Amino acid sequence: MTLAPNEQLPDHDHFQHEAPAGRVRSPRTTPPWWFALPALLLFAFVVLVPSVRGVYYAFTDWDGLDPSFSFVGLGNFADMFSDDDAMQAIRHTLLIAVSITVIQNALGLALALGVNAAIKSRNILRVLLFAPAVITPIVTAYLWRNLLGPEGAVNSLLGAVGLDGWRQDWLGSPQVALWAVVGVIVWQFAGYSMVIFLAGLQSVPKEIHEAAAIDGAGPVRRFWSVTRPLLAPALTINLMLSIIGGIKLFDQVYALTGGGPGHATDTISTLIYKGAFTLGEFGYSIALAVVLTIIVAVASTGQYLVLSRNERAAS
């Protein structure tokens, strides 16, 4: 076969792979939504349906056992806001949440800065400081209940060093019990905050610190102008976890004090438990749970909006 000048053989491979006109299909960019349908159905059955029914029971006088109950409208909420114990529990909940958020994160950041330094024992210190966070909160609470008792190790230690005037029933005093609960929670979870801050610190490029040091910035100035803005994502995560965990706090409080002495350490969660399973006031307790849910939603949403705005400004 003789070819004319500049004539080429046909590209058979090209014709074999070329799609016929009218059958071009655009690539799929998102998976079909029905892949998530089983998980959505399970979530609706386990979470959404019970939650909606629970909100309905908040407007009834249901005792949790009797199948017959009456619709009372906003009666449970009116009783709640006129109940001194409920108002005190809401104040305690907010005080504990704010105290834990401030103290735990300040201590966690200080620990993270310490173990991020170039010291030989930093890996051992990281393990020791994080270890309390992996212990079950109930176990931690019972441990500290024995340590803080009238004849516990804390009072024995104070007596041994000559501080007998400081000996007291830490969990039995209305003035001290709430702060003892805060101290136990901070002791357990400060290491958890430390790990998050430490991850943020290790993501800061060393070259930035070196450049700031060459420009004459001291350690405090480098932390405030260089490290602090770059820690904004870690700070957002820590503050969100702390405030939500503090508002929902139940197991440590109930194991340490049971909400006592009297109602000195009652939170919304402990009051919900007592009302539902001790007094049989399920409708009233569910109304308290609805208020708790609203507080968590408002606090977390507001905090997220503020922190995310600050995070964008820092970046």
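Modeller: Let's start at S242: leaving aside its neighbours within four places in sequence, it is in contact with T101, Q104, N105 and S193. Contact here means heavy atoms within 4.5 Å. Before we go on, please keep in mind that this is a predicted model, in which local features need pLDDT of at least 70 and side-chain atom pairs count only at pLDDT 80 or more, while totals for chains, interfaces and linings use all residues. Residues are numbered from 1 along each chain as its sequence is written, and side-chain values use heavy atoms, with hydrogens and water left out.

Where does S242 sit? You will find S242 in helix α11, which covers residues 232–247. Helices (H or I, at least four residues) and strands (E, at least two) are DSSP runs, numbered from the N terminus. With a relative accessible area of 4%, S242 is buried; that word means under 20% relative accessible area, with exposed meaning over 50% and partly exposed in between (1.4 Å probe, protein chains only).

The side chains of S242 and N105 are joined by a polar contact of 3.1 Å. A polar contact is a pair of N or O atoms within 3.5 Å; within protein, one must be able to donate a hydrogen and the other to accept it, and residues adjacent in sequence count only if both atoms are side-chain atoms.

Now let's step back to the whole chain. The protein chain has 14 helices and 0 strands. Of its 315 residues, 35% are buried. Among contacts with a separation of 6 or more, 66% are between residues 24 or more positions apart. The accessible surface comes to about 19500 Å², and carbon and sulfur atoms hold 66% of it (areas come from the Shrake-Rupley method with a 1.4 Å probe; for residues, only the protein chains shown count as cover).

S193, which S242 contacts, has a place in the numbering of helix α8, residues 177–202. Helix α8 packs with helix α5 (residues 122–130) at an angle of about 140 degrees, their axes 8 Å apart. Axes are lines fitted to C-alpha atoms, for helices over the stretch in contact, and angles run from 0 to 180 degrees between N-to-C directions. That angle makes α5 oblique to α8; under 35 degrees would count as roughly parallel, over 145 as roughly antiparallel, 65 to 115 as roughly perpendicular, and the rest is oblique. From α5, R126, L129 and F130 take part, and they meet G191, Y192, M194, V195, L198 and Q202 in α8. These residues divide into 6 nonpolar, 2 polar and 1 charged (Ala, Val, Leu, Ile, Met, Phe, Trp, Tyr, Cys and Pro count as nonpolar, Asp, Glu, Lys and Arg as charged, and the others, Gly among them, as polar).

R122 also lies in α5. It counts as partly exposed, at 30% relative accessibility, and a polar atom of its side chain lies 2.8 Å from the backbone oxygen of I119. Not counting residues up to four places away in sequence, R122 touches V115 and A117.

Elsewhere in α8 is A180, buried at 11% relative accessibility. Its contacts beyond four places in sequence are L148, W170 and L171. A180 and T265 are 85 residues apart in sequence, and their C-alpha atoms are 9.9 Å apart.

A polar atom of the S269 side chain lies 3.3 Å from the backbone oxygen of K248. Setting aside neighbours within four places in sequence, S269 contacts I247, K248, L249, F250 and L292. S308 belongs to helix α14, residues 282–314, and is buried with a relative accessible area of 9%. Its side chain reaches the backbone oxygen of Y304 at 2.7 Å.

One last stop is the loop between α12 (251–256) and α13 (268–277), where P261 is placed. The peptide bond from G260 to P261 is cis, with omega near -5 degrees.
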